[in-house]
Protein chains: 2
Amino acid sequence: MARRNDHSRDEIREMALAAAEKLVSAQGAKGLSARKVAAAIGYTVGTLYLVFDNLDDLILQINARTLDRLHDRMLEELARHKDPMERLLQLGHTYISFADEETHHWELVFEHRLPEGQQPPEWFREKVARMFSLVETSLEPLATTRSPDEIKQAAAALWSGVHGICILAISKQLDVAGVDSVQDLTHSLMSNYLRGFVGSNR
Amino acid sequence: MARRNDHSRDEIREMALAAAEKLVSAQGAKGLSARKVAAAIGYTVGTLYLVFDNLDDLILQINARTLDRLHDRMLEELARHKDPMERLLQLGHTYISFADEETHHWELVFEHRLPEGQQPPEWFREKVARMFSLVETSLEPLATTRSPDEIKQAAAALWSGVHGICILAISKQLDVAGVDSVQDLTHSLMSNYLRGFVGSNR
DNA sequence: ATGGTAATATGAACGATGTTCATTTAGTTT
DNA sequence: AAACTAAATGAACATCGTTCATATTACCAT
């Protein structure tokens, strides 16, 4: 069978991504394979390679969509609060909740490694940077005396910290039980850090 | 060829681990395979499975050794400093340096995932917990008014934070250049957090 | 209608992976 | 020397990512 013309390239692409996301969501990165995705959308492996460069490319596309969802959630959260401190804390909680609800997708974003020496494409790194920006702009009103560079660094430190809690929680290496404890940890990290950062000039 | 009796089980085990570590060190997790390890020590795949349950087991053993090296480095660092604050900051720097010097090994410890549902064995989780304990005991003298639980939580938050910086730095998702900038970030995170944690009662 | 062209999809093939286990081999014991 | 047993093998199986010569069919010009 060939030249069925059942679907356009873009349709196949979309179907493949949806099927792949279903696999990842259910079984994590290890549950994903080219043949499984192909079978799930009623095509063969070869077809997948007409639409994606390779599996890494496919995964990158999935991750892009995940980062977009996360970004949306964070934007919504920012819209809900006016107080700067409240905003930051809620941002952290949103991050944790997202990782908890979409664990496998979140893991795929941050644990998938490209072949040695290869860097993620610029558009991808941009999506990560965008997240840090959200933190930066939320941080600004809290530290009006600080230079832009200091704020940038503080945002990076703070968000890396939240990220680290997330990672260790997911890999069960923090012996805390349940999401709530993780939220507490996050709160501790953020509020103490912010008190230190805001409260003093050095 | 069979029954060579060239080496004892333990010798083969040691040889295999050494060879595997060489592979990981040079090419990361993706460079590791049962056949490659076997070839490197002059045995066949089958033999490897007489000594290890499976590849996950082998990797767990490598990771145990890595965690031991890291723990040693941290102990040394603690012995070098008396001032509590100095101790904590140096501990953070040691962690970053280790990850920078043994990147592939460090990655293998924290990014290797066991099959769905399977937890790391207790002895492994103990090695991770041991690291957190080091932070806890260093933190105690700085926060004499705090309860053990609060200190435990603070140590977890602090160390997760350092860990997060490490992760993002290694995956090149922090747009900072060089190890020194990462050290600066770590310093920022730790010193601000500690000022917040120590300086106030709530 | 018919033939030709080009787009579309296939699936066999390749080299790699983890894992198993019947079989072979070489020490050890009787 | 024969029997026994521990040690090591390597072929076999199912899976993986990736490629590409081939087959099929839609479309278009005649």
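## Close-up views of a predicted two-chain model

**View 1. A salt bridge joins A:Glu21 and A:Arg65 in this predicted model.** A:Glu21 forms a salt bridge with A:Arg65, with 2.8 Å between the closest N and O atoms; the term stands for a side-chain nitrogen of Lys or Arg within 4 Å of a carboxyl oxygen of Asp or Glu. The pair links distant parts of the chain, since A:Glu21 belongs to helix α1 (residues 9-27) of chain A and A:Arg65 to helix α4 (residues 55-80) of chain A, 44 residues apart. Helices here are DSSP runs (H or I, at least four residues), numbered from the N terminus. A:Glu21 is buried, with a relative accessible area of 12%, whereas A:Arg65 is partly exposed, at 24%; buried means under 20% relative accessible area, exposed over 50%, and partly exposed in between, with a 1.4 Å probe and protein chains only. Over all chains, the count comes to 24 salt bridges.

This is a predicted model, in which local features need pLDDT of at least 70 and side-chain atom pairs count only at pLDDT 80 or more, while totals for chains, interfaces and linings use all residues; side-chain values use heavy atoms, with hydrogens and water left out. Residues are numbered from 1 along each chain as its sequence is written, and chains are lettered from A and ligands numbered from 1 in the order in which they are written.

**View 2. In chain B, a salt bridge joins B:Glu21 and B:Arg65.** The side chains of these two residues meet with an N to O distance of 2.8 Å, and the pair links distant parts of the chain, with B:Glu21 in helix α1 of chain B and B:Arg65 in helix α4 of chain B, 44 residues apart. B:Glu21 counts as buried at 12% relative accessibility, and B:Arg65 is partly exposed, with a relative accessible area of 25%.

**View 3. Helix α1 (residues 9-27) of chain B crosses helix α4 (residues 55-80) of chain B.** Their axes, which are lines fitted to C-alpha atoms over the stretch in contact, with angles running from 0 to 180 degrees between N-to-C directions, come within 10 Å and cross at roughly 75°. That makes α1(B) roughly perpendicular to α4(B), a term that covers angles of 65 to 115 degrees. Among the residues of α1(B) that meet α4(B) are B:Leu17, B:Glu21 and B:Val24, and those of α4(B) include B:Leu58, B:Ile62 and B:Arg65; contact means heavy atoms within 4.5 Å. By class, this contact has six nonpolar, one polar and five charged residues.

**View 4. Helix α5 (residues 84-101) of chain A meets helix α6 (residues 103-111) of chain A.** The two axes come within 5 Å and cross at roughly 105°, and α5(A) and α6(A) are therefore roughly perpendicular to each other. A:Tyr95, A:Phe98, A:Ala99, A:Asp100 and A:Glu101 in α5(A) are in contact with A:Thr103, A:Trp106 and A:Phe110 in α6(A).

View 5. B:Arg125 counts as partly exposed at 25% relative accessibility, while B:Glu122 counts as exposed at 55%.

Key: Helices (H or I, at least four residues) and strands (E, at least two) are DSSP runs, numbered from the N terminus. Angles under 35 degrees count as roughly parallel, over 145 as roughly antiparallel, 65 to 115 as roughly perpendicular and the rest as oblique. Ala, Val, Leu, Ile, Met, Phe, Trp, Tyr, Cys and Pro count as nonpolar, Asp, Glu, Lys and Arg as charged, and the others, Gly among them, as polar.
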